[in-house]
Amino acid sequence: MGAAVAAQEVREAFAGLYGAEPDGVWAAPGRVNLIGEHTDYNDGFVMPFALPHQALAAVSRRADGRLRLHSSDIEGGVAELRLDDLVPESDESWTAYPAGVVWALREAGHPVTGADIHLTSTVPTGAGLSSSAAIEVVVALALNDLYELGLQRWQLARLCQRAENVYVGAPTGIMDQTASACCEEGHALFLDTRDLSQKQIPLDLAAEGMRLLVVDTQVKHSHSTGEYGKRREGCEKGAALLGVDALRDVPFAGLDAALARLGDEEEVRRLVRHVVTEDARVERVVALLEAGDTRAIGPVLTEGHASLRDDFRVSCPELDLVVDTAVAHGALGARMTGGGFGGSAIVLTDITEVDTLTKAIGEAFAAAGHTAPRVFEAVPSPGARRLV
Ligand code: ADP
Ligand code: MG
């Protein structure tokens, strides 16, 4: 569907719900992370790009302290909230994401006095592709424009992260929101999560006869949230034992010495090894892409998967099956992407091998008795923007 048609549909849906035309329509994408996993809460490097899948929001201002929310993707009607009643961790439904953004803006002193919001999204939820960041960022950008707050993209991302961490109560890093807010079409975003400095890296796989496939395993293992928390704590313990602010401060050249200092803390050693080598892999991928050697990033992706599987231990049988099958059938490289324990994997391949790989992965899943995965091509797409 073209952007103009999609925007028109959300306008009409908004008018049907709220009885007036919206002040505007905004879009914000989901993302896929090319490399740099579990580094964003260690002050490290990540390299996501925006998906063509995006959240759209039709939004109008209100002056009476009320917030009305509706999503075409959720059963149930319009939720109506009062801004003065917004309290962190008081809402377990989807409305916590957009309400949390309004709460974070007001908490930071921005004069938001209410809104009517209608959302719709093509980002699959819970697939590791950041549907939550897409709806946060689309709301933040809309309110930034409508209330003329003058906030920059990275500031909006920070506020959205605060909404998710404090209001929703999910302890996520800064990658997802920054990707949705700051990515550019045709580029991957090399992001330093310590100071949010960014570099747009051109990524035109099609021009070089390659494709990047996203394989959504459609599984989400229920222990993922608890395990995520344990990994974060383990990383913090590693930094404390090594006397650094964050694992980002352990240089790759000093990894062996750092591991030796951790002595018999085997669990922490593995986490440290993943984070330090993963930061180095992001830098290698950036260097390869800037040198025009795109094919050579494949093995770096596969190496990253092994590190997430063996050292960080956040993979699962379904993700390993995608990666092993893809590599065995001629992929240039493959890895899980996102937090792990389900969700999606990415596969870098020559265009000539797309059909063979898709078929092989489908057959491997059927043989293992898993639900059929959804496979689609990811092209670096635009970040958040106003459509109307
Ligand atoms: P993801 O990896 O997709 O970001 P999360 O668990 O972080 O997974 O966020 C998924 C949640 O975000 C959903 O359970 C829902 O509450 C909310 N969400 C995402 N997309 C929509 C939508 N289109 N409408 C309403 N809520 C949504
Ligand atoms: Mg999310």
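Q: How do H2 and H4 lie to each other?
A: Two packed helices are described by the angle between their axes and the distance between the axes. H2 (residues 96–107) and H4 (residues 153–168) have axes that come within 8 Å and cross at roughly 115°. Axes here are lines fitted to C-alpha atoms, for helices over the stretch in contact, and angles run from 0 to 180 degrees between N-to-C directions. Angles under 35 degrees count as roughly parallel, over 145 as roughly antiparallel, 65 to 115 as roughly perpendicular and the rest as oblique. H2 and H4 are therefore roughly perpendicular to each other.

Q: What is the basis of the numbering and of the values?
A: Residues are numbered from 1 along each chain as its sequence is written, while chains are lettered from A and ligands numbered from 1 in the order in which they are written. This is a predicted model, in which local features need pLDDT of at least 70 and side-chain atom pairs count only at pLDDT 80 or more, whereas totals for chains, interfaces and linings use all residues. Helices (H or I, at least four residues) and strands (E, at least two) are DSSP runs, numbered from the N terminus.

Q: In which sense does H2 pass H4, left-handed or right-handed?
A: A crossing is left-handed if the near helix is turned anticlockwise from the far one by less than a right angle, and right-handed if clockwise. H2 passes H4 in a right-handed crossing. On the H2 side the contact (C-beta atoms, placed from the backbone, within 7 Å) includes Tyr 97, Gly 100 and Trp 103, and on the H4 side Leu 159, Arg 162 and Tyr 167 are among the residues. By class, this contact has 11 nonpolar, one polar and two charged residues. Ala, Val, Leu, Ile, Met, Phe, Trp, Tyr, Cys and Pro count as nonpolar, Asp, Glu, Lys and Arg as charged, and the others, Gly among them, as polar.

Q: At what angle do the axes of H3 and H4 cross?
A: The crossing is at roughly 125°, and the axes come within 9 Å. H3 and H4 are therefore oblique to each other, and their crossing is right-handed. Among the residues that meet are Ser 132, Glu 136 and Leu 141 in H3, and Leu 156, Cys 160 and Glu 164 in H4. The residues of this contact divide into eight nonpolar, two polar and two charged.

Q: What angle and axis distance describe the packing of H10 and H11?
A: H10 (residues 317–328) and H11 (residues 354–368) pack at about 135°, with axes 9 Å apart. These two helices, H10 and H11, are therefore oblique to each other. Their crossing is right-handed. H10 contributes Leu 321, Val 322, Thr 325 and Ala 326 to the contact, and H11 contributes residues including Leu 357, Ile 361 and Phe 365. The contact of H10 with H11 has nine nonpolar residues, one polar and no charged ones.

Q: In what order do the six strands of the open sheet stand?
A: Strands of a sheet pair through backbone hydrogen bonds, either parallel or antiparallel. Two strands count as paired if DSSP finds at least two bridges between them. Here the order is E5-E4-E6-E3-E1-E13, with mixed pairing. The edge strands, E5 (79–82) and E13 (385–386), each pair on one side only. E1 (residues 24–33) pairs with E13 in the antiparallel sense over two bridges, and Trp 26 has Arg 386 in E13 as its bridge partner. H3 packs on this sheet, touching E1, E3 (48–61), E6 and E13, and its direction makes about 145° with that of E1.

Q: Which strands form the four-stranded open sheet, and in what order?
A: The order is E10-E11-E9-E12, and the pairing is antiparallel. E10 (333–337) and E12 (374–377) are the edge strands, each pairing on one side only. On average, neighbouring strands of this sheet are turned by 20° against each other, direction ignored. E10 and E11 (residues 342–350) are joined over five bridges, with Thr 337 partnered by Ser 344 in E11. H9 (residues 297–310) lies across E10 and E11 and runs at about 40° to E10.

Q: How many residues lie between E7 and E8 in their hairpin?
A: There are five, and Leu 196 in the turn has a positive phi of about 60°. E7 and E8 (residues 198–202) pair in the antiparallel sense over five bridges; Leu 191 stands opposite Gln 198 in E8.

Q: How many residues surround ligand 1?
A: The shell has 16 residues, and the closest are Ser 71, Trp 94, Ser 121, Ser 131 and Ser 132. A residue is near a molecule if its C-beta atom, placed from the backbone, lies within 6 Å of it. E6 (115–121) and H3 (131–146) each supply at least two shell residues, and H3 gives the largest share, three residues. By class, the shell has seven nonpolar, eight polar and one charged residues.

Conventions. Two residues are in contact if their C-beta atoms, placed from the backbone, lie within 7 Å.
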